[in-house]
Amino acid sequence: MLGIGRGSREGAIPLEASIKNCGRTTQWSAALRLLREGLRLGVQLAPGHFIATASACRKGGQWQYALSALSDMWKAKLEPDIISYSAGISACEKGGQWQPALALLSEMWEAKLEPDVISYSAGISACEKGGQWQPALALLSEMREAKLEPDVISFSAGISACKKGEQRSWSPTSSATALGSARARRASSGSGHLRC
């Protein structure tokens, strides 16, 4: 299918370009096939191959396949980074999957990676789409604790989550449970692989 020899490095760059092109044209299944074929042939893949595939799947509304591509990255003995986790969280957000998005944020802390504004905003947006105001506001609070300044996207998603969850007023005690779980995420440590 690819015309690339086993263990080839020379095929890695055209493969990534092909996967990215699939993402631009919302051909997520073709991107996933290319990645899997590259893995099968033993092409020396880089994180960009997996992230581009996850991005194509996200654009196609296939959050499960996006997470599968990122899990393949771990299986290929490549360490996930902030960009790969953010790609997974964004895929969950697009699919309205707030629980897997929060699980990925937790895994980032376990992997000793500190989520950035993009990671948090995608998590907050996932909570917003699920009408989960408590976790959304907990993430906004966690951002501030992490010395990150929430942006317009973060605040808008938080406000929208409150509206969808019909929580019009908020006090620090109203989301104590959610904040407790947010603090537990920050305090936890462990392995750095994607489990979703």
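I began with Arg144 and Glu149, whose side chains meet in a salt bridge at 4.0 Å, N to O, where a salt bridge is a side-chain nitrogen of Lys or Arg within 4 Å of a carboxyl oxygen of Asp or Glu. For accessibility I used relative accessible area with a 1.4 Å probe and protein chains only, taking buried as under 20%, exposed as over 50%, and partly exposed as in between. Arg144 counts as partly exposed because its relative accessible area is 48%, whereas Glu149 counts as exposed because its value is 53%.

I noted the ground rules before going on: this is a predicted model, in which local features need pLDDT of at least 70 and side-chain atom pairs count only at pLDDT 80 or more, while totals for chains, interfaces and linings use all residues. Residues are numbered from 1 along each chain as its sequence is written, and side-chain values use heavy atoms, with hydrogens and water left out.

**Other salt bridges**

I found a count of 7 salt bridges by this rule, and looked up several of them. Glu16 and Lys20 are joined by one, at 3.4 Å from N to O; both residues lie in helix H1 (residues 12-24), 4 residues apart, about one turn of the helix. An α-helix has 3.6 residues a turn, so residues three or four places apart point the same way. I recorded Lys20 as partly exposed because its relative accessibility is 41%.

I then turned to Lys129 and Glu93, which form a salt bridge with their closest N and O atoms 2.9 Å apart. Lys129 lies in helix H7 and Glu93 in helix H5 (residues 82-94), so this pair ties together parts that are 36 residues apart in sequence. Lys129 is partly exposed because its relative accessible area is 40%. I also noted that Arg36, Asp72 and Lys75 are linked in a network of salt bridges.

I counted 10 helices and 0 strands in the secondary structure of the chain. Of the 196 residues, 48% count as buried. Taking contact to mean heavy atoms within 4.5 Å, I saw that among contacts between residues at least 6 apart in sequence, 71% join residues at least 24 apart.

Residues 81-115 are 74% helix and 0% strand, with end C-alpha atoms 10 Å apart. For residues 116-150 I read 74% helix and 0% strand, and again end C-alpha atoms 10 Å apart.

**Helix H6**

I took the expected span of a helix as 1.5 Å times one less than its number of residues. H6 has 13 residues and reaches 19 Å from its first C-alpha to its last, close to the 18 Å expected. I found this helix mostly covered, with 10 of its 13 residues buried. Leu104, in H6, is buried because its relative accessible area is 1%, and its C-alpha atom is separated by 6.5 Å from that of Ile89, 15 residues apart along the chain. Gln99 also lies in H6 (residues 98-110), but counts as exposed because its relative accessibility is 53%. After H6 I noted Lys112, whose phi is positive, near 65°.

**Core**

I defined a nonpolar core as a set of buried Ala, Val, Leu, Ile, Met, Phe, Trp, Tyr and Cys residues joined through side-chain atoms within 4.5 Å. Of the 52 residues in the largest one, Ile19, Ile89, Ile124 and Leu139 touch the most other members. Leaving out residues up to four places away in sequence, I listed the contacts of Ile19 as Ala31, Leu34, Leu35, His49, Ala52 and Thr53.

**Confidence**

I read pLDDT as the predictor's confidence in each residue, from 0 to 100. The chain averages 83, and 79% of the residues score at least 70. Confidence is highest in helix H7 (residues 117-129), at a mean of 96, and lowest in helix H10 (residues 176-187), at 47. I marked residues 169-183, where pLDDT stays under 50 and the model has 17 contacts beyond four places in sequence. Where pLDDT is low, the predicted coordinates should not be read in detail.

Key:
Helix = DSSP H or I, 4+ residues; strand = E, 2+ residues; numbered from the N terminus.
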